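Please look over the model below before reading the points that follow.

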Amino acid sequence: MKSLQIETASLSYPVFIGGGIRKNADELLSSLDLPMTKLLLITDEEVDKRYGEELLNLLESKWPVKKVAVPSGEQAKSIDMFMKLQTEAIEFHLDRSSCILALGGGVVGDLAGFVASTFMRGIDYVQFPTTLLAHDSAVGGKVAINHPLGKNLIGAFHQPKAVVYDTECLGTLPEKEMRSGLAEVIKHAFIHDEAFLHELLKIKSIDAITNEQLNDMVYKGISIKSAIVSQDEREAGIRAYLNFGHTLGHAVEAEYGYGKITHGDAVALGMQFALFVSEKVLNCPLDRRQITSWLKQLGYPGEVKLDTSTEALISRMLNDKKTRGGIIQFVLLDRIGSVRLHSFTAKEIERWLNMWRLEGGE
């Protein structure tokens, strides 16, 4: 088992990484020295089938536990599901010394974390990620639900007390979920680590990724995010760099309809567009077409659907959390590992987006 410590202005907490470590969850939670009068275990229906009862039985030997499974998919990050979970917490008589456990991918982590951040004005929670995508969302304390007009617009900053990352769980993921998570790994390499990106470029197919590579990806991705979050916990500055590819990506997710495209596929589109704008505005020397070809080879989309209008995407981007006074903040690269925030009017982004789409997304 590997571990690293996340240091933020408000909290320091451990991340445990290793194959099979969920089976030691009772020991790992006990090591945190938290009061934990009761535990509310929140998972989703698919993860519950694989790991829910196993974890419940393990934890019940030490604490009163209630398990709740939400529907799988992005649609679960809704105000209705948020209220249902608050009701479950109240009816189970959670108190301010109780703890919420998030067992699942990024959706469960975001949703359960937001419940924890608001129940009795904030109680402890621990992340148990089960997807590659969650290596990004489980660390850093961003918790949220979606609004029909935009992704993650209702949320908070609420750091977990720990992250228990059992990489054994990644072995059961379908290819599309692995690809979705790999997009965030690629993002971390783009913004922080050129050598890591060159390692990733050697991957020719999702199913060729080895367990050793997966463990390395998780560790490096979390390390990169940790380095950024430790300097900027609440996105007052460089934490915005982690949104590389996300401005268009979130717009695509919302416009297609949540769950119609994976988060990683949408972010991959957003990164391709961000590289296009980086080339035009900052003369980024990266071989953009080679990157696009590689992403397509891995199964990522190379262009936005033809029936999705540029105007609709711009409207979505105007609701992005980085937008200020109608000015859209875009995360660009002047080279790998060197990030710039650039401000554009909606008209300017519309022009770049139309140019990129006319090139066929390349």
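1. This is a predicted model. One crossing in it is that of H3 with H4, where H3 passes H4 in a right-handed manner. H3 covers residues 79-91 and H4 covers residues 106-118; their axes come within 10 Å and cross at roughly 55°. Angles from 65 to 115 degrees would count as roughly perpendicular and those under 35 as roughly parallel, and H3 and H4 are therefore oblique to each other.

2. Which residues of H3 and H4 meet? From H3 they are Met81, Phe82, Leu85 and Gln86, and from H4 they are Leu111, Phe114, Val115 and Thr118. In this contact of H3 with H4, six residues are nonpolar, two are polar and none is charged.

3. The UniProt record, an unreviewed entry, places the feature "domain: 3-dehydroquinate synthase C-terminal" at residues 181-323. That span is 62% helix and 0% strand, and its end C-alpha atoms lie 26 Å apart.

4. A second pair is H12 (residues 310-317) and H13 (residues 346-358), which pack with their axes 10 Å apart at an angle of about 135°. An angle has to be over 145 degrees to count as roughly antiparallel, so H12 and H13 are oblique to each other. Their crossing is right-handed.

5. On the H12 side, the contact with H13 involves Thr310, Glu311, Leu313, Ile314 and Met317. H13 contributes Ala346, Ile349, Glu350, Leu353, Asn354 and Arg357. The residues of this contact of H12 with H13 divide into six nonpolar, two polar and three charged.

How values were computed. Residues are numbered from 1 along each chain as its sequence is written. This is a predicted model: local features need pLDDT of at least 70, side-chain atom pairs count only at pLDDT 80 or more; totals for chains, interfaces and linings use all residues. Side-chain values use heavy atoms; hydrogens and water are left out. UniProt positions are given in the numbering used here, feature names are shortened, and annotations may be inferred rather than shown by experiment. Helices (H or I, at least four residues) and strands (E, at least two) are DSSP runs, numbered from the N terminus. Axes are lines fitted to C-alpha atoms, for helices over the stretch in contact, and angles run from 0 to 180 degrees between N-to-C directions. A crossing is left-handed if the near helix is turned anticlockwise from the far one by less than a right angle, and right-handed if clockwise. Contact means heavy atoms within 4.5 Å. Ala, Val, Leu, Ile, Met, Phe, Trp, Tyr, Cys and Pro count as nonpolar, Asp, Glu, Lys and Arg as charged, and the others, Gly among them, as polar.
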